[in-house]
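Hi,

Here is the structure I promised to pass on. Have a look at it first, and my notes on what turned up follow below.

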Amino acid sequence: MISSEEFRKEEDYLARTRAFLKDELARLGRSQSHIESEIYEQRRYMWQELPQQIRSVEDAIALSVHSEEMRQTEERWLDKDRQAAIYSRMLPSPYFGRVDFAETGQEKETLYIGLANVMDPKTHKMWVCDWRAPVAALFYEKGCGPVSFEAPDGTITGEVTLLRQYKIEDGKLQRVFDSEIRIEDDILQEVLSQSSSAHMRAIVASIQKEQNVIIRDGKHSLSLVLGPAGSGKTSIALHRVAYLLYRDKDRMTSDN
């Protein structure tokens, strides 16, 4: 159970995160409008003027180049649209967890874990860290104390000093509690937000950690998960798909 002062600090961070998301959504909207004007002009030129100018192989090449430029412009619009859709989904509840982590020899860093990365393109401040990022594994399975995890640049070592969970609905912070494990059950969350019992916090530790190991497994190309009805097999499978698409985004798409 956290203090009222700490709760107010969390409310302030939530308000600032949501304000940033709103600003970014407005910026993305303006950017999309500008790109839409580009697309309109490119299409008009493509279909009304350019075909009349084709008299040689060079003209045909110019048509092909213009077509590729138009495709790239449309892809930029789609990227903005996808990002806006993600930010819109995140706005009511931007994140669900927090990890305070100090890499060996470095200052402590506070990471808020949510659906996707939310970073200020100007200052590079990371408001929210994607749950699929390697460092986010600290929230799911490592617990407080000395830890290590695998990152693209190699093994990172350090210490986790705080693990915190949030219940946020419609932009309002409902409850906060510190725990060395991630709790998904709403009833347990409600109890733990009012209790500091170590025994209660340890109830589902092994289940949560085993689920995360399966989701992030990088050693096996085939996984077999056994469990009774209602144990979360489908949820694990969907989260693993999302994780693999994030990890292997350069060579894998949802069509795979």
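A residue is called buried here when its relative accessible area is under 20%. Tyr-13 has a relative accessible area of 8%, so Tyr-13 is buried. Tyr-112 counts as buried too, because its relative accessibility is 7%. Please keep in mind that this is a predicted model.

Now to the aromatic rings. Searching the whole structure gives 9 aromatic pairs. One of them is formed by Tyr-13 and Tyr-112, which are stacked, at 4.0 Å centre to centre and with 15° between the planes. That pair joins distant parts of the chain: Tyr-13 belongs to helix H1 (residues 4-49) and Tyr-112 to strand E2 (residues 108-114), and the two are 99 residues apart.

Both tyrosines are also members of a cluster, in which ring pairs connect Tyr-13, Phe-20, Tyr-95, Tyr-112, Trp-127 and Tyr-166.

A few words on confidence. The protein chain has a mean pLDDT of 80, with 80% of its residues at 70 or more. Confidence is highest in strand E3 (residues 118-119), at 95, and lowest in helix H5 (residues 198-201), where the mean is 42. Over residues 195-207 pLDDT stays under 50, and the model has 17 contacts beyond four places in sequence for this stretch. Where pLDDT is low, predicted coordinates should not be read in detail.

Best wishes

Technical notes
Residues numbered from 1 in each chain as written. Predicted model: local features only at pLDDT ≥ 70, side-chain atom pairs only at ≥ 80, totals over all residues. Heavy atoms only, no water. Phe/Tyr/Trp six-rings, centres within 6.5 Å; stacked < 30°, edge-to-face > 60°. Helix = DSSP H or I, 4+ residues; strand = E, 2+ residues; numbered from the N terminus. Buried < 20%, exposed > 50% of the residue type's maximum accessible area, 1.4 Å probe, protein only. pLDDT = per-residue confidence, 0-100. Contact = heavy atoms within 4.5 Å.
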